[in-house]
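Trainee: I am new to this structure. Please show me how to read its features.

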Amino acid sequence: MAFFNLLNRVEYACVCGLLNPLTKLYFCRHCMKLRCGFCVCHEVDSNFCSNCLENIPSSETKIRKNRCNTCFNCPSCQHTLSVRASTATVPLTTGSESKEGSPAVDDPVKAKTSGSGSTLDAGTTAGAGPAGGVKQVTKKMYYLACLTCRWNSHDIGIPDQTAATGQWPEPEYPNATRFALLLEHYQSVVLHDKQERQELWRRKTPKKTQFPSLTDRTGLTVSMMRRQMGWSDGKVQLKTTPTPIKESIASEDVETLPDELFHAEVNLKTITTLSQRLAQPAKQSASVSQLYPQHKLLSIKRSLRCRQCDHNVIKSEYNPSSIKYRIALFAAYHVPDVRLVRCDPMRTNGTESALLLRITNPTINEMTVTIMELPTVEEERLMIQELKAMAIESCAAASLTSGGGSGGGSHQTPLSSLSLGFARQGTLMEEPRMIDRSVNGTLKLPDSSFTVNQRDDSAEFDEVVQGYQDEPKFIVWRKANHVVIRLAVQPKSDAKPGQDIVVGFTLQYTYFNTVAEKSVASSSSSATLPLSGTSKEQKWHALNTRIYVNLGKLPVVEERTE
């Protein structure tokens with residue numbers, strides 16, 4: 001149960017031990033475990049502009065400095081600027097005049113017959129012009145304007161453009177040359193370090209076979225043969241050295257502030273705010289008249305990948321205008337949704353209060369739910385050790401697969417032969433930890449399991465009311481794929497008035513998975529029931545997740561004075 005601006009009342013425990021609402025968790029169908037934002041690998045799929053919806057390749061994104069060339073942000077309120085059109089009277093150029101007079105030039109007979117008339121018309125048009133001899137024409141011009149704060153490019157003197165996608169002038173920054181030199185210097189440093197690492201890997205990499213080529217059998221390498229024949233070596237890489245750069249030297253001589261700064265009146269309308277200055281870090285002008293429009297930052301579409309099994313959890317469409325997903329393994333689509341309905345006021349005198357929870361089945365299969373106690377500290381430590389062992393086994397299996405199997409040790413790549421970390425990113429998994437949440441309330445759990453019907457979209461329009469018989473006593477209400485249960489809760493004796501009461505339980509539910517058996521990680525807590533006569537390895541699994549519910553603050557009991 002998650003809110004946008006309020007406290008998350010119901011939180012689920014991720015495999016790594018962090019607590020998150022269900023809306024911020026993902027479910028890996030191959031590992032069959034919950035994943036949070038730290039348990040998945042974030043990858044950038046595409047870069048695009050959110051205003052013009054232009055897809056930009058990653059190589060071009062670096063050249064553009066992660067900004068769009070055609071869209072701008074308002075320097076005053078940071079909203080997107082719009083291109084507005086206006087009409088302006090401009091002098092006619094020689095090229096335009098020749099184009100207009102082209103029909104007369106093409107026909108010399110008409111030019112001779114109408115020579116006197118054309119001279120008279122030209123003199124009349126020139127006299128009518130404001131410049132006293134220059135022909136004026138009306139032309140459409142374009143400028144930038146903000147529809148939110150009414151800022152436009154005329155405020156800072158940017159000239160209008162003749163095209164809607166014209167090249168707007170870029171401001172010149174005083175430290176642009178210095179930053180360009182620093183960028184060139186650090187690029188050379190990165191290239192130098194990369195060549196050194198490649199040289200180190202080449203030396204440490206074992207040979208693939210005893211005789212990697214036919215020339216080695218005779219004792220002659222390709223390089224020696226080329227030298228004997230008088231040819232130059234084909235692949236000669238020159239080592240790059242970092243480009244020298246002038247170091248910055250701190251100076252103690254600081255210019256004194258002018259006296260006008262202390263005595264002149266301050267007009268806040270002409271001074272930039274902190275957000276306006278930070279939006280332009282290259283210049284950070286103090287006056288509003290020096291604020292220039294900034295190119296709009298590009299947005300990204302990212303995909304999320306499970307760090308343990310290396311399968312995609314979230315994969316979006318490539319089209320920027322599409323909001324659909326190719327793969328959308330959100331936890332809200334696979335894990336039961338537990339919501340807090342109502343909790344009666346709790347007392348510290350030992351009386352129990354009624355707690356109503358609603359459980360929703362988001363899948364298309366019937367689900368059996370069992371509510372159990374939370375694991376103890378020793379059991380939780382054993383679970384963490386098992387998770388670490390499973391992670392190490394999966395990384396070792398991935399390294400063997402990348403190296404060609406158990407019998408393919410001679411086909412290992414240079415990266416996999418050095419360490420397992422280069423072969424796979426699974427070693428960067430979030431380390432499991434103990435859950436940092438104290439439970440100060442006791443929950444009276446139900447004595448039996450119960451079933452929750454599958455999700456049926458047509459059930460909302462079905463007027464037939466199905467009767468349920470032999471329902472457990474703790475089930476209060478049932479409709480479609482929703483079930484409301486009543487539990488008894490009691491705060492512990494050490495709970496203080498005004499303190500948040502938190503209860504927790506382990507929710508065990510059955511999950512119907514359609515992933516092949518070889519890609520599903522085997523776990524001791526999962527029970528599999530194979531279905532006969534199915535081509536796909538469809539199985540039932542019993543999964544567990546820990547849930548913590550915040551019931552609110554314990555009321556303060558005021559003593560009555562007679």
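Mentor: Start with burial. Buried means under 20% relative accessible area, and exposed means over 50%. Keep in mind that this is a predicted model.

Trainee: Is Tyr-511 buried or exposed?

Mentor: Tyr-511 has a relative accessible area of 4%, so it is buried. Phe-27 is buried too, at 1%.

Trainee: How do I describe a pair of aromatic rings?

Mentor: Use the distance of the centres and the angle of the planes. The whole structure has six aromatic pairs. In one of them, Phe-27 and Tyr-511 have ring centres 5.0 Å apart and planes at 65 degrees, so the pair is edge-to-face.

Trainee: What about Phe-330 and Tyr-333?

Mentor: They are also an edge-to-face pair, with 5.8 Å between centres and 85 degrees between planes. Tyr-333 is partly exposed, at 48%.

Trainee: Where do nonpolar side chains tend to be in soluble globular proteins?

Mentor: They tend to be buried together. Here, the largest nonpolar core has 43 residues. Leu-551 is among those with the most contacts inside it. Strand 21 gives the most to this core: six residues. A second, separate core has 10 residues, including Cys-31 and Leu-329.

Trainee: Which residues form a nonpolar patch on the surface?

Mentor: Leu-257, Leu-261 and Phe-262 do, with about 350 Å² of accessible area together. Leu-257 lies in the loop between helix 8 and helix 9. Its relative accessibility is 52%, so Leu-257 counts as exposed.

How values were computed: Residues are numbered from 1 along each chain as its sequence is written. This is a predicted model: local features need pLDDT of at least 70, side-chain atom pairs count only at pLDDT 80 or more; totals for chains, interfaces and linings use all residues. Side-chain values use heavy atoms; hydrogens and water are left out. Patches are made of residues with over 30% relative accessible area and no salt bridge: like charges are joined within 9 Å, nonpolar side chains (Val, Leu, Ile, Met, Phe, Trp, Tyr) within 5 Å. Accessible areas come from the Shrake-Rupley method with a 1.4 Å probe; for residues, only the protein chains shown count as cover. A salt bridge is a side-chain nitrogen of Lys or Arg within 4 Å of a carboxyl oxygen of Asp or Glu. Helices (H or I, at least four residues) and strands (E, at least two) are DSSP runs, numbered from the N terminus. Buried means under 20% relative accessible area, exposed over 50%, partly exposed in between (1.4 Å probe, protein chains only). A nonpolar core is a set of buried Ala, Val, Leu, Ile, Met, Phe, Trp, Tyr and Cys residues joined through side-chain atoms within 4.5 Å. Rings of Phe, Tyr and Trp (its six-membered ring) pair if their centres lie within 6.5 Å; planes under 30 degrees apart count as stacked, over 60 as edge-to-face and the rest as tilted.
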